[in-house]
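Please look at the sequence and the structure first.

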Amino acid sequence: MALEIPSPTAPQLTASPAAVSAALTTTEVRVTSSFRGAHIVLYGAVFDPTTKPSDVVVIVRGPEHPIRIARKTKVGGLWVNSRPVVFRGAPGFYMTASTRPLQDIAGFGTLRRLGAGIDHLAINAPFEQRTETRYGVRDVVVSRLGGDYLDWRRAVIRLKENAGLYDADDKGVTFVDKDLFKAEIDLPTKAPIGTYQAEIILFQDGQPVSRKVRTLTVEKAGIERTLYLFAHHSPWLYGLVSMALALGAGWAASLVFRRN
Amino acid sequence: MDLYLPIAEVSVNAPLLVALGALVGFISGLFGIGGGFLMTPVLVLMGIPPAVAVASMANHVAASSTSSVISYTRKRAVDFRLGGVLAGGGVVGAIVGVELFRWLRLLGQADLVVALSYLVFLGVIGGLMLVESLQSILRRRSGQPPKPRKERRPPWLYGLPLKMRFPRSRLYISVIPPVLLGVFVGVLSAVMGVGGGFILVPAMIYILRMPAGVVVGTSLFQIIITTSLTGVLQAGRNQTVDIVLATLLLVGGVLGAQLGAKASSRFRAEELRALLALIVLLVGLRMGLGLFFTPDEPFVLMTGMG
């Protein structure tokens, strides 16, 4: 069963008798040693007593993770990374699927308010340029007012798109029957671990009229989880054990070959 | 058969990694080196995050070095005393190196330093070794006697205080040069993900003037100690050791190392050195030259650090 999550930024819905409902074929993705990404299908239905044309937009957001990005600059003939810049509030995974291109479904303001579409992604850069110290190293936090802010923002999106982590598919929602629709979510191997939110919004006349949220968790399972937790909870013991294994394997190999 | 690595968080082809481990192990046994300088760049090209590749290599190098050092011990070709002094420096170097690497990664400059280190160290060592081995090959082809080794030992080796006797190497030298050499190699092992044999072996021959018979065994002994510590420190401080990745590599690696050691007797020493020099030079250039070309994508995401 999917959980209804009240979102603090729940949009003001236009009063309408129409409603949308949806379910995911998988709500738990288990990352095991054979994990090669996941393919999830979302099914939904539109309930509408009228015959107004409807559009459906599905937005999937992965767990938020600060992004550190650097720009290569030429210093003395060498291409060198600049100081990293930090973006906050960017989801680790983001995809939209819709029945039509988003800009045809609703206006700029509506999409911006809903955070629908990569262009409207709320990547929070602070208003003031400042540096902050983390782990003893100073990071530059880019200013939203800075002249090259857009270059940086576009780069974040481009790199995430190339990694298969950001995606927009304006034909991703297809109606399989009169009121029954389907969307596909492809999680790449690099998809971050954590809780994902799939937001399903029904649009009529350019306005959101009904909205549902479903959650999806991606978590390591089995031996992957055991090793990951071991490496992070008792890192020193993990280091000793893995090194003992390595030395033991070397010793065993020399024994085997001596016999031959 | 694809396998998802728990720490690297990428999916890799398991048989390919075992084969790669075997190939590098073979080369390592053939030339009496750890092979990390070859393996780390290949792993990075395969899409393993550099920090994980560098850290997990320590385990692989330690495993294949252990397997070779045991056979060298049987031949009494390990100077444990000198190896211990080198390793003493190596321990300090490894601790410094792991902290340095952690700091460089946070600064976003780890890639640069790794690439530059490969270019400079592999380029210089590979170039020198290539010239030297080609000269001896040419000399032998033209029927000249091999160049007599300069027996005059550099005076600074003897002028320094804290002298110590190393009977197996027939040396009576200050401990300062081997300790410093150990520190240097320890830092490299943490930063470049290598054992450091490619630097240690020439340095032991040309700087410490050790007899050739004990050089490889002693350098491998010091590499085991340094890389064991590096591996544990990388896991403890940075959580970047992938036990699955390391195991896949070392399964192939230890087998390949034994086969390589057997095959090495079929080749002439200077021909082996020329071949190794060529490999070292190519890897150094491949890793370092990217710094000079205009990148296709001017931005890079810094991964592996929350």
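## A hairpin in chain A

In chain A, β14 and β15 form a hairpin with 2 residues between them, and A:Asp205 in the turn has a positive phi of about 50 degrees. Helices (H or I, at least four residues) and strands (E, at least two) are DSSP runs, numbered from the N terminus. This is a predicted model, in which local features need pLDDT of at least 70, side-chain atom pairs count only at pLDDT 80 or more, and totals for chains, interfaces and linings use all residues. Residues are numbered from 1 along each chain as its sequence is written, while chains are lettered from A and ligands numbered from 1 in the order in which they are written.

A:Asp205 is found in the loop between β14 and β15 of chain A. Is A:Asp205 buried or exposed? A:Asp205 counts as exposed because 12 C-beta neighbours lie inside 10 Å. The rule is that a residue is buried if 20 or more other C-beta atoms lie within 10 Å of its own, exposed if 12 or fewer, and partly exposed in between, with C-beta atoms placed from the backbone.

## The sheet of chain A

Two strands pair if DSSP finds at least two bridges between them. Strands of a sheet pair through backbone hydrogen bonds, either parallel or antiparallel.

Strand β14(A) (residues 194-204) runs antiparallel to β4(A) (residues 54-61), and 8 bridges join them. Here A:Val57 has A:Ile201 as its bridge partner, and A:Val58 stands opposite A:Ile200. β14(A) is also joined by 11 bridges to β15(A) (residues 207-220), again antiparallel. In that pairing, the bridge partner of A:Gly194 is A:Val218.

## Where the chains meet

How many residues does each chain bring to the contact between chain A and chain B? Chain A gives 46 residues and chain B gives 47; two residues are in contact if their C-beta atoms, placed from the backbone, lie within 7 Å. On the side of chain A that touches chain B, β5 (67-75), β6 (78-81), α3 (149-162), α4 (222-233) and α5 (235-259) each supply at least two residues. The largest share, 16 residues, comes from α5(A). By class, this side of chain A has 28 nonpolar, 11 polar and 7 charged residues. Ala, Val, Leu, Ile, Met, Phe, Trp, Tyr, Cys and Pro count as nonpolar, Asp, Glu, Lys and Arg as charged, and the others, Gly among them, as polar.

Strands pair across the two chains as well: 4 bridges join β5(A) to strand β5 (residues 299-302) of chain B, and the two run antiparallel. A:Ala70 stands opposite B:Val300 in β5(B).

## Two domains in chain A

Chain A is divided into domain 1 (19-219) and domain 2 (221-260); the bounds come from an automatic or database domain assignment. The contact takes 5 residues from domain 1 and 4 residues from domain 2. The side of domain 1 that touches domain 2 divides into 1 nonpolar, 2 polar and 2 charged residues.

In chain B, the axes of helix α1 (residues 14-31) and α10 come within 6 Å and cross at roughly 30 degrees. Axes are lines fitted to C-alpha atoms, for helices over the stretch in contact, and angles run from 0 to 180 degrees between N-to-C directions. By class, the contact of α1(B) with α10(B) has 21 nonpolar, 9 polar and no charged residues.

B:Gln239 is found in the loop between α9 (212-238) and α10 (243-263) of chain B. B:Gln239 has a positive phi of about 50 degrees although it is not a glycine. B:Gln239 is buried, because 20 other C-beta atoms lie within 10 Å.

B:Glu270 has its place in helix α11 (residues 269-288) of chain B. With 18 other C-beta atoms within 10 Å, B:Glu270 is partly exposed. Leaving aside its neighbours within four places in sequence, B:Glu270 is in contact with B:Ser133, B:Ser136 and B:Ile137. B:Glu270 and B:Gln135 are 135 residues apart in sequence and 9.2 Å apart in space, C-alpha to C-alpha.
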